[in-house]
Amino acid sequence: MHRADAAPSTGTDDERITAEIQAWVCSTPLQGLVTHFGGTWPDGDLTDVLRFLDDFSAHHWDFRGGRERPDAREPDLDPATATLVLDAAAALGLIHPVPPARPAYAHLVVLGGLAHACVRRVAYAAHLLRAGLPVSGEVAVLGSFRPLSDWERRTLADAGLPADETEVDVLDAAVRRVFEVTAPAEQDGIDTGHPHHSWSSRTYRPDRLPPIRVLAAPSSEPEQRRAHTADTQRFWAGHVRLAPGDKVLMVTAPIYVPFQHCDALRTLAVPYGCAIDTVGVDPTLADLAVLPEQTLTPGRYLQEIRSAIRSMRALHTAASQPG
């Protein structure tokens with residue numbers, strides 16, 4: 001992601017990160033949403049604004065309540081509010097996809113998610129590579145051992161795809177199908193008998209393309225939760241030996257670009273000195289039609305605006321730390 005109106009773009013310079021966070025969180029569309037939902041914009045510096053937005057969005061825009069995204073409730077919004085939310089989401093960079101900003105990258109990273117998203121993101125990565133995007137290092141496909149829901153299994157079955165057991169199984173099957181590979185050239189991992197502690201790595205080597213690693217990370221808090229996006233990114237960075245100056249392209253869905261981009265800046269750019277671009281899958285591409293993108297509701301966009309706020313707050317804290 002490289003649009004100034006969407007979220008922090010690239011790099012590790014603390015002042016630039018702070019300025020770009022401020023531009024996003026203090027933008028007219030976000031302030032308009034807060035006002036519409038009954039909030040009064042706070043006085044104070046960026047730290048105060050982020051604290052306010054985190055608390056405000058927890059009260060008004062958190063429809064998950066700690067549950068997985070598919071289990072979030074859908075709010076009952078009147079038509080004018082729904083229109084305002086969709087307009088703000090577009091202005092904040094959560095709806096329209098943009099192409100990669102650079103002509104070449106050291107690594108391409110595909111982020112996991114729900115089953116249909118895993119399939120579409122792997123297909124989009126293949127589209128970028130076959131369209132000629134140079135990647136000098138590897139393609140990393142990052143997931144977890146999260147069990148699939150019944151809804152995800154039905155979605156896969158309806159599309160004629162294998163009804164796998166976990167998120168990383170879906171990613172692995174998508175890599176084998178889309179890149180026409182049958183078996184990994186290298187594999188490693190530890191099966192502890194508990195998904196929060198286990199990890200796996202499979203590397204495929206398709207003809208005339210960079211190596212493709214499918215990685216499932218352990219949780220950094222295994223007693224509390226499964227591995228999340230930041231866990232997988234840190235785990236991958238250690239495996240690939242990410243270097244200062246490396247240019248990394250992240251692939252996700254447009255709705256998640258702001259929050260996952262800021263997570264990547266915090267977990268990869270700040271500690272490793274690499275540059276990050278984050279793009280969403282282009283839903284108009286015909287080669288992704290095996291599993292079309294779901295229709296996203298205003299409630300989903302409000303939830304992910306909250307996710308972006310929380311990610312930016314964590315990024316601002318990390319960028320403000322001495323050293």
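In which loop does glutamate 180 lie? In this predicted model, glutamate 180 is found in the loop between helix H7 (167-178) and strand E3 (186-190).

From the loops we can turn to the helices. Two packed helices are described by the angle between their axes and the distance between the axes. Helix H3 (residues 46-60) packs with helix H10 (residues 298-320) at an angle of about 150°, and their axes are 9 Å apart. Angles over 145 degrees count as roughly antiparallel, so H3 and H10 are roughly antiparallel to each other; their crossing is left-handed. On the H3 side the contact is made by Leu46, Thr47, Leu50, Arg51, Leu53, Asp54, Ser57 and Ala58, and on the H10 side by Arg306, Ile309, Arg310, Met312, Arg313 and His316. Sorted by class, this contact of H3 with H10 has 6 nonpolar, 3 polar and 5 charged residues.

H10 also packs with helix H4 (residues 79-91), here at an angle of about 50° and with the axes 9 Å apart. H4 and H10 are therefore oblique to each other, and their crossing is left-handed. In this contact, Ala82, Val85, Leu86 and Ala89 of H4 meet Pro298, Tyr301 and Leu302 of H10, which by class gives 7 nonpolar residues, with no polar and no charged ones.

The interior remains to be described. In soluble globular proteins, nonpolar side chains tend to be buried together. The largest nonpolar core in this model has 54 residues, of which Trp24, Val25, Trp61 and Trp236 touch the most other members, while H10 gives the most to this core, with 8 residues. Leaving aside residues up to four places away in sequence, tryptophan 236 touches His107, Val109, Glu138, Ala140, Leu142, Arg213, Leu215, Leu242, Val248 and Leu268. There is also a second, separate core of 37 residues, which includes Val119, Val170, Ala174 and Ala216.

Notes: Residues are numbered from 1 along each chain as its sequence is written. This is a predicted model: local features need pLDDT of at least 70, side-chain atom pairs count only at pLDDT 80 or more; totals for chains, interfaces and linings use all residues. Side-chain values use heavy atoms; hydrogens and water are left out. Axes are lines fitted to C-alpha atoms, for helices over the stretch in contact, and angles run from 0 to 180 degrees between N-to-C directions. Helices (H or I, at least four residues) and strands (E, at least two) are DSSP runs, numbered from the N terminus. Angles under 35 degrees count as roughly parallel, over 145 as roughly antiparallel, 65 to 115 as roughly perpendicular and the rest as oblique. A crossing is left-handed if the near helix is turned anticlockwise from the far one by less than a right angle, and right-handed if clockwise. Contact means heavy atoms within 4.5 Å. Ala, Val, Leu, Ile, Met, Phe, Trp, Tyr, Cys and Pro count as nonpolar, Asp, Glu, Lys and Arg as charged, and the others, Gly among them, as polar. A nonpolar core is a set of buried Ala, Val, Leu, Ile, Met, Phe, Trp, Tyr and Cys residues joined through side-chain atoms within 4.5 Å. Buried means under 20% relative accessible area, exposed over 50%, partly exposed in between (1.4 Å probe, protein chains only).
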